[in-house]
Amino acid sequence: MPAHALTSLVDQPVYLALALIILTSTLIFTRLKFKSLSQYSQNPLVPPGSLGLPFIGETIDFLRAQKLDKTHEWISERATKYGSIFKTSLLGCPTVFMVSATGNRFVFHLNDNSIVSNHPKTIGTIMGKHNTLELSGNLHKLMRRAMLSFLGPEMLRKYIGEMDLLVIQQLSLELEGKETVKAVMLLKRLAFRVTCTLLFAIPPGSEQDLLLEDFTLALRGVVTLPFNLPMTTFRRAIRARERICNRLSDLIRKRRKEVKEGRVSLKDDMISSFVNLRDENGEDIGDDVLIDNLFTVMIASHDTVVILLSLLLRLIARNHVVRNGIMEEQEAILKEREGVEDDNLTWNDLHKMKYTWSVAQELMRLNPPVPGSFKKFVKDTSFGGFDIPKGWQVFWLASVTHTEKNSFPDPERFDPSRFMGPSKSFPPFSYIPFGAGPHVCPGNEFARIEVLLVLHHMILNYRWSEMIPDEPITRDPMPYPAKGLPIKLHRLEK
Ligand code: HEM
């Protein structure tokens with residue numbers, strides 16, 4: 001899930017002039033708004049820090065740091081200078097950073113009347129205005145419950161075998177006979193296939209392929225400037241979103257009919273479980289809400305899992321200790337399965353993958369796939385002796401508390417054993433790769449299973465090495481290997 005987006009310029013040069021005019025008018029308008037928001041900085045009790053240049057604030061500097069994978073340093077520098085709560089200004093809005101577990105707790109515990117999501121316009125447009133992250137109150141609870149009925153342990157146990165089969169099929173389709181492959185693209189196709197097949201019951205084949213094409217176009221719209229003009233990335237993304245929504249709308253209609261005729265049960269897939277949802281007054285909640293929420297699941301289950309898996313494959317290629325540890329654990333599981341009738345991995349097998357998951361957890365500590373996101377205060381509030389005015393935003397972020405010395409001794413060291421054994425507990429809100437509070441990720445278990453299955457089959461069948469030594473991570477804004485992680489494959493003899 002993107003933390004924020006403002007990194008690429010409009011892609012058609014003919015629009016540059018027009019874009020500048022729109023940008024200038026937006027700047028003038030936003031500057032007025034900014035002026036009224038930043039006047040609060042005269043208040044000596046607002047957090048210390050610098051609002052930077054008028055309107056632009058520190059946005060350019062922040063984006064540059066992000067692109068170079070130096071966000072952590074950017075924040076730590078200011079935290080050292082001003083303390084664990086400081087102000088800056090990003091994207092035309094005074095912004096507070098709270099770099100402590102207590103700051104995280106404060107932000108995640110505030111209720112809907114005090115704080116709301118504040119994603120950039122591109123995200124709202126592409127995910128839809130009813131997307132789960134923007135919802136609050138009863139409607140949010142209703143949609144989350146419906147999602148969790150599919151993403152909770154009871155259902156996961158049911159479809160582990162199916163997910164295992166899908167992973168095996170997709171890996172053999174992608175890797176059979178290949179000596180090199182771009183891992184990020186492979187993982188994107190795999191993750192999309194798993195979500196569509198298991199959660200939406202859209203069978204693999206041409207329909208999924210067409211959806212993936214549109215999905216890829218739509219995602220590009222999240223990380224561009226929001227100029228809805230012909231031939232821009234944003235316009236193409238909006239069109240792609242419309243086609244996906246039409247398809248989801250057809251599927252909702254079809255499933256509603258099938259459920260009514262008793263041909264499909266509400267427990268068969270997420271779309272079926274959505275079709276009969278009613279609000280607290282028994283009213284239909286509208287297909288537009290259902291569509292936006294299904295599309296949110298499609299997006300939320302994609303880059304997150306792909307980033308984690310890409311970074312894991314990169315790590316395994318680089319670190320022999322980690323590779324050997326995972327290999328040993330997975331071989332032991334394979335051995336224990338000898339003579340077992342069930343062809344596919346089970347819930348029980350996954351629970352034995354403790355070291356493998358600890359590696360993933362430690363990787364998410366140092367490189368959270370969702371580094372953080374914006375929320376906005378809708379009421380004047382105060383924290384740690386500072387006033388935070390209504391209208392200011394806060395950027396909650398995982399990465400800094402993930403390297404807090406008191407919670408994680410020797411924080412820069414990669415050490416999966418932090419997550420193993422009974423004494424692994426960290427202070428609440430210090431480790432938050434899946435967020436926290438009312439919007440905490442409902443797909444964390446689904447993600448865990450998908451990641452473990454892919455690693456199991458990859459490590460037992462292949463050895464791989466990076467084709468670009470020391471390929472860096474870039475944040476555009478998601479933390480991906482900069483060149484898509486091309487790898488050289490060597491199939492292991494059985
Ligand atoms: C490694 C994988 C994943 C990571 C690191 C991750 C992380 C997160 C984070 C940090 C949030 C909170 C965002 C916020 O508060 O602004 C979130 C929300 C969400 N995630 Fe995940 N996620 C992952 C996988 C998944 C998967 C596989 C699914 C679905 C199958 C999913 C579905 C969602 C949904 C629907 C939300 C919004 C929840 C709400 O607003 O109530 N995520 N995720």
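Start with α13, which is mostly covered: 14 of its 16 residues are buried. Buried here means that 20 or more other C-beta atoms lie within 10 Å of the residue's own. This is a predicted model. The helix α13 reaches 22 Å from its first C-alpha to its last. That is close to the 22 Å expected for its 16 residues at 1.5 Å a residue.

Which elements give two or more residues to the shell around the ligand? First, the shell itself: 25 residues surround the ligand, and the closest are Ala300, Thr304, Gly435, Cys441 and Gly443. The elements that give two or more residues are α6 (137-151), α12 (287-300), α13 (303-318) and α18 (444-461).

Step back to the whole chain. It holds 18 helices and twelve strands. Its radius of gyration is 23 Å, close to the 23 Å that the globule rule gives for 494 residues, so the chain is as compact as a globular protein of that length. Along its principal axes, the C-alpha trace spans about 75 × 55 × 50 Å. Buried residues make up 40% of the 494 residues.

Finally, look at how the chain contacts itself. Take contacts between residues at least 6 apart in sequence: 72% of them join residues at least 24 apart.

Conventions
Residues are numbered from 1 along each chain as its sequence is written. This is a predicted model: local features need pLDDT of at least 70, side-chain atom pairs count only at pLDDT 80 or more; totals for chains, interfaces and linings use all residues. A residue is near a molecule or strand if its C-beta atom, placed from the backbone, lies within 6 Å of it. Helices (H or I, at least four residues) and strands (E, at least two) are DSSP runs, numbered from the N terminus. The expected span of a helix is 1.5 Å times one less than its number of residues. A residue is buried if 20 or more other C-beta atoms lie within 10 Å of its own, exposed if 12 or fewer, and partly exposed in between; C-beta atoms are placed from the backbone. The radius of gyration is taken over C-alpha atoms; the globule rule is 2.2 Å times the number of residues to the power 0.38. Two residues are in contact if their C-beta atoms, placed from the backbone, lie within 7 Å.
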